[in-house]
Amino acid sequence: MRSASSTLRALLVVSCTLLAITSPIAQQKTVFTEQVYARINSIYGTEASENVAKWRQLVTELQSEDVDEKLYEINRFFNRFDFVDDLVHWQQKDYWATPIEFISTGAGDCEDYTIAKYFSLIELGISEDQLRLMYVTALELRQPHMVLAYYETPTSVPLVLDNINRRILPANKRRDLSPIYSFNGNGLWAAKAMGTGRKLRGSGPMKMWDDMVERLDRVMYGDKEE
């Protein structure tokens, strides 16, 4: 979590170039090779590469399951990791970890849970249009927070995947959350009420997303000069 001012500053620079963040994950079925695991092992160790393999196995096993099962299992898988603030975990005020970094280190903050769930569900065949990463205020904690919202239809009340309340509940049952913004690879929304809002125009690429994709690319494909 972070201060409200830095949260809003980050959100205001999200653009439609977020589409780029899905491409490395979407290709993982074909590029998760021995070389990828070797790179994970060299950076984070054997246990980390084994945990990433467990994630890959779960994604494989869930391919033929219905949506509810996919949501439940992905939410459960990632919620078992420890919550650790970015300053403690990464020695940075704001750091958006890749799913591999999150799994390999076994910890992260609310953005990391949400990003990992988002990427996993996209790979499981859930349309990007049905998913939004949603910034909210956690009213009881009085802090900005991020959750993942799943929309069965464009007008449905979304289901909320969260690391605070681990039950998957409709947004109208989460009275402890007050929406601020939601976004996915197709744009940015100002949320006037949970699950609704008006689409905003992004103002340019977001450095934290770009950095995250670059780090993911290095693990998935190696350094360009290799």
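Author: Happy to! A salt bridge here is a side-chain nitrogen of Lys or Arg within 4 Å of a carboxyl oxygen of Asp or Glu. Side chains of opposite charge can pair when their charged atoms come close. Please keep in mind that this is a predicted model, in which local features need pLDDT of at least 70, side-chain atom pairs count only at pLDDT 80 or more, and totals for chains, interfaces and linings use all residues. Residues are numbered from 1 along each chain as its sequence is written, and side-chain values use heavy atoms, with hydrogens and water left out.

By the salt-bridge rule, the count is six. Let's start with E123 and R56, whose closest N and O atoms are 2.5 Å apart. This pair links distant parts of the chain, 67 residues apart: E123 belongs to helix α9 (residues 110–123) and R56 to helix α5 (residues 46–62). Helices (H or I, at least four residues) and strands (E, at least two) are DSSP runs, numbered from the N terminus. E123 is buried, at 6% relative accessible area, and R56 is buried as well, at 9%; buried means under 20%, exposed over 50% and partly exposed in between, using a 1.4 Å probe and protein chains only.

Next, look at D162 and R174, which meet in a salt bridge of 2.9 Å, N to O. D162 sits in the loop between β5 (159–161) and β6 (169–170), and R174 in the loop between β6 and β7 (177–184), so their bridge ties together parts that are twelve residues apart in sequence. D162 is buried, with a relative accessible area of 1%, and R174 is buried too, with 2%. R174 also bridges to D176, with the closest N and O atoms 2.8 Å apart.

The largest pocket has a volume of about 190 Å³. Among its 14 lining residues, I43, Y44, R215, R218 and V219 are the closest to its centre. Helices α4 (34–44), α8 (99–105) and α10 (207–221) each supply at least two residues of the lining.

A pocket is an open set of points on a 1 Å grid over the protein atoms alone, where a 1.4 Å probe fits, with protein on both sides within 12 Å along at least five of seven lines; lining residues have an atom within 4 Å of a point. Its volume is the space filled by probe spheres set on the points.
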